[in-house]
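Subject: Handing over the model

Hi,

Here is the structure I promised to pass on to you. Have a look at it first, and then read my notes below.

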Amino acid sequence: MRLTQSAPARITAVLSAVLYAGLLTASPALAGNPSASDGDEMPNRWEVAHHLNAHMANANGNPDHDGLRNLSEYRTGTLPRVEDTDGDGMDDGDEVHDGSATTDPTDADSDNDGTPDGDEDADSDGVNNEDEDDATETCINDDNDTDDDGVANEDENDFGTSAHDSDSDNDGTPDGQEDNDHDGVADDQDDDTQDDACASDGDSQGDDG
């Protein structure tokens, strides 16, 4: 008497043989692909670490308004919620899109000459890199003041203060009320101009010149 396999048993045997031969592979989700849950090409672990939604395709998001979308931030190694990752005074998007090899969004002094990229003048027009785009930048993209001390992040390096510490020298006076360049003008007023439409530092003139 000849024994035969049942249909389910035959199917199981065939699939096992095919998988063993490598002819079929599990789906990315089953294989543990960290990008598979939302398909936006950014690993879930990276999104979670940077407070992004790992279960929603948000490659085109730009929460820090720095000119780089989330996917670009991931690919360039910058921070999606910090407009100036390396703290050199230039927004990440400006450094990526300026077409200059002398600026790198992850290196505050890309040419190692002792001057932060934001204080350089790459196109030799008499305007520092960090101020180049201020005249045309919309208010929502205008430079943030992370520590709320009255000094824009991009200007903190000019005064030797920290963009993440409102009282960098711990003397009880906020950085914006200091006069670190000893010009007789408080730091939070140094870059203000009458025609600046963005008043993010809370005064009547605006934030940057």
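The average pLDDT of the chain is 75, and 67% of the residues score at least 70; pLDDT is the predictor's confidence in each residue, on a scale from 0 to 100. This is a predicted model, so local features need a pLDDT of at least 70 and side-chain atom pairs count only at pLDDT 80 or more, while totals for chains, interfaces and linings use all residues. Residues are numbered from 1 along each chain as its sequence is written, and side-chain values use heavy atoms, with hydrogens and water left out.

A contact means heavy atoms within 4.5 Å. Residues 200-209 are also below 50, and that stretch has 42 contacts beyond near neighbours in sequence.

**The overall picture**

The chain has 5 helices and 0 strands, so you can read it as α-α-α-α-α from the N terminus on, given that helices (H or I, at least four residues) and strands (E, at least two) are DSSP runs numbered from the N terminus. Of its 209 residues, 35% count as buried. Buried means under 20% relative accessible area, exposed means over 50%, and partly exposed is in between (1.4 Å probe, protein chains only). The accessible surface comes to about 12,000 Å², and 51% of that belongs to carbon and sulfur atoms; these areas come from the Shrake-Rupley method with a 1.4 Å probe, and for residues only the protein chains shown count as cover. Among contacts with a separation of 6 or more, 30% are between residues 24 or more positions apart.

**The core and the aromatic pair**

The largest nonpolar core is made up of 5 residues: Met42, Trp46, Leu52, Ala59 and Leu71. Such a core is a set of buried Ala, Val, Leu, Ile, Met, Phe, Trp, Tyr and Cys residues joined through side-chain atoms within 4.5 Å. In soluble globular proteins, nonpolar side chains tend to be buried together. Leaving out residues up to four places away in sequence, leucine 71 touches Asp40, Glu41, Met42 and Ala59.

How many aromatic pairs are there? The count comes to 1, with rings of Phe, Tyr and Trp (its six-membered ring) pairing if their centres lie within 6.5 Å; planes under 30 degrees apart are stacked, over 60 edge-to-face, and the rest tilted. The partners are tryptophan 46 and tyrosine 74, edge-to-face, with 5.3 Å centre to centre and 65 degrees between the planes. Tryptophan 46 lies in helix H2 (residues 44-49) and tyrosine 74 in helix H3 (residues 70-76), so the pair ties together parts that are 28 residues apart in sequence. Tryptophan 46 is buried at 15% relative accessible area, whereas tyrosine 74 is partly exposed at 31%.

**The loop between H4 and H5**

Threonine 103 sits in the loop between helix H4 (92-97) and helix H5 (153-159). Is it buried or exposed? Threonine 103 is buried, with a relative accessible area of 8%. Its side chain makes a polar contact of 2.6 Å with the side chain of aspartate 98, and a polar atom of that threonine 103 side chain lies 3.5 Å from the backbone oxygen of glutamate 95. A polar contact is a pair of N or O atoms within 3.5 Å; within protein, one must be able to donate a hydrogen and the other to accept it, and residues adjacent in sequence count only if both atoms are side-chain atoms.

Now look at serine 124 in that loop. Serine 124 has a positive phi of about 50 degrees although it is not a glycine, and it is exposed at 63% relative accessible area. Aspartate 148 also lies in the loop between H4 and H5. Aspartate 148 is not a glycine either, yet has a positive phi of about 55 degrees, and at 67% relative accessibility it counts as exposed.
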